[in-house]
Amino acid sequence: MSHSTALLTDHYELTMLQAALADGTAQRRSVFELFARRLPDGRRYGVVAGVNRLLDALERFRFDEQTIAFLADRGVVDQATRDWLAEYRFSGDISGYADGEIFFPGSPVLVVESSFAEAVLLETVFLSILNHDSAVASAASRMTWWAGGRPCIEMGSRRTHEEAAVGAALAAYISGFSATSSLEAARRFGIPSTGTAAHAFTLLHDREEDAFRSQVDALGKGTTLLVDTYDVANAVRTAIELTGPELGAVRLDSGDLPSLAGQVREQLDSLGATKTRIIVTSDLDEYQIAALAPAPVDGYGVGTSLVTGSGYPTCGFVYKLVAREDASGELVPVAKKSPDKISIGGRKWALRRRTAAGVAEVELIGVGEQPVDDGDDRVLLKPLVEAGKIVGRTTPEESQAHHQKVRDELPRSASQLSRGEPAIPTDYIGDYNSRKPFLPRSHT
């Protein structure tokens with residue numbers, strides 16, 4: 001087992017624990033829920049990612065001797081609390097949306113059921129993982145939707161924290177990216193990696209032709225040659241003179257990409273390289289990918305915009321106590337009522353209500369009771385942890401396939417890049433909120 005994740009948390013989680021242990025409320029049965037109150041402006045849906053990384057973090061959430069010694073040295077909590085932490089093992093239940101699932105405002109993406117003491121400690125690390133990975137997956141899904149089947153390559157490692165880059169690569173893969181430039185992500189998760197050469201390799205050589213010849217000798221004619229270091233037309237001509245029509249691809253990393261791609265396609269075809277593909281990079285986002293849809297482009301490499309959530313580096317997920325045991329032993333709803341930060345009390349269940357044709361129409365959430373499937377619906381909460389045992393892991397390939405399936409359920413309006421409402425509303429049954437969506441549909 002690798003290093004502990006127990007200190008990937010906020011100081012106040014432990015001080016709350018100390019107070020609850022002292023006053024006798026720490027062992028009260030509790031239900032915490034992780035959800036987003038709204039989607040970022042312009043987003044019609046969100047994508048869950050990070051669930052499997054979350055489960056890995058939970059497995060390593062242990063207060064070992066070194067961790068306990070740090071807490072003692074800093075005086076974070078008292079001896080009784082440190083003794084309790086030394087024996088910490090999560091023994092409760094967790095259900096949630098799977099990696100690749102779509103979410104909307106109010107969706108109970110994660111439901112944690114255990115004692116207050118066990119569950120409250122997990123807030124920070126759970127939010128950290130899901131907020132980051134789901135933000136990347138949500139942006140990636142918009143990109144692959146508008147790519148229209150053309151492959152997208154994740155190449156943003158140099159634009160973010162080194163560990164965030166690894167999670168981002170997996171999140172992008174879940175949302176349909178075909179490969180990553182990150183070898184560490186490939187090693188950890190088994191996802192495909194790819195890469196050829198940067199401008200530095202061309203500049204290293206006395207002539208562009210020498211650089212191309214070296215790359216082809218090393219990697220074969222199926223490689224991708226970067227053709228915009230100097231003059232694109234001359235580079236394309238040189239590339240085909242060296243390789244003939246067997247060249248795998250050329251890459252464009254600057255300029256007016258739509259018009260340049262058209263010019264390069266014409267040139268390649270005139271030289272007989274009709275099967276040589278055109279890959280474009282250069283700070284792409286979903287808007288530029290959509291604009292490139294009519295162009296003769298065969299694939300996209302995306303970096304900065306992807307790993308920063310294309311302007312929204314967090315999903316705004318929160319982790320709230322929604323039910324707890326009262327003095328009589330009953331589980332009662334609790335909710336925050338602060339203006340603009342309300343939550344709805346009570347344990348939740350969720351269905352994706354679909355038409356007879358299989359098109360999603362409502363995110364239906366039951367409060368204190370399970371919604372009834374009318375025959376066309378899909379249950380959203382899956383068991384992830386049962387009595388402390390992890391049961392809900394999936395492979396990256398399973399998550400990617402699941403995302404493609406559930407995205408295909410959405411109405412076509414979900415692909416729109418303009419500002420607007422979520423693709424489907426969120427409605428509740430089971431309490432007085434059942435007649436109202438989670439947020440006004442006019443919310444902006």
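Leu-225 stands opposite Val-250 in β9.

Q: Which strand pairs with β9 over 3 bridges, and in what sense?
A: Strand β8 (residues 224–226) does, in the parallel sense. Two strands pair if DSSP finds at least two bridges between them. Strands here are DSSP runs of E, at least two residues, and helices are runs of H or I, at least four residues, both numbered from the N terminus.

Q: Before we go on, what kind of model is this?
A: A predicted one: local features need pLDDT of at least 70, side-chain atom pairs count only at pLDDT 80 or more, and totals for chains, interfaces and linings use all residues. Residues are numbered from 1 along each chain as its sequence is written, and side-chain values use heavy atoms, with hydrogens and water left out.

Q: OK, back to β9. What does it pair with over 4 bridges?
A: Strand β10 (residues 277–280), again in the parallel sense. There, Val-250 stands opposite Ile-278.

Q: And which helices go with these strands in β-α-β units?
A: Helix α11 (residues 232–243) goes with β8 and β9, and helix α12 (residues 257–270) with β9 and β10. The β8 unit is right-handed, and so is the one ending in β10. Right-handed means that, with the strands pointing away from the viewer, the path from the first strand over the helix to the second runs clockwise.

Q: Are the faces of β9 buried or exposed?
A: Both are covered: Ala-249 and Arg-251 are buried on one side, Val-250 and Leu-252 on the other. Buried is under 20% relative accessible area, exposed over 50%, partly exposed in between (1.4 Å probe, protein chains only). In a regular strand the side chains alternate between the two faces of the sheet.

Q: Changing topic: where does Asn-131 sit?
A: In helix α6 (residues 123–147). Asn-131 is buried, with a relative accessible area of 11%.

Q: What does Asn-131 touch?
A: Leaving out residues up to four places away in sequence, Asn-131 touches Pro-313, Thr-314, Cys-315, Gly-316 and Phe-317. Contact means heavy atoms within 4.5 Å.

Q: Which backbone atom does its side chain reach?
A: The side chain of Asn-131 reaches the backbone nitrogen of Gly-316 at 3.1 Å.

Q: And the whole chain: how many helices and strands?
A: The protein chain has 15 helices and 19 strands. Of its 444 residues, 53% count as buried. The C-alpha atoms fill a box of roughly 85 × 55 × 35 Å, taken along the principal axes.

How values were computed:
Polar contact = N/O pair within 3.5 Å; in protein donor to acceptor, adjacent residues only side chain to side chain.
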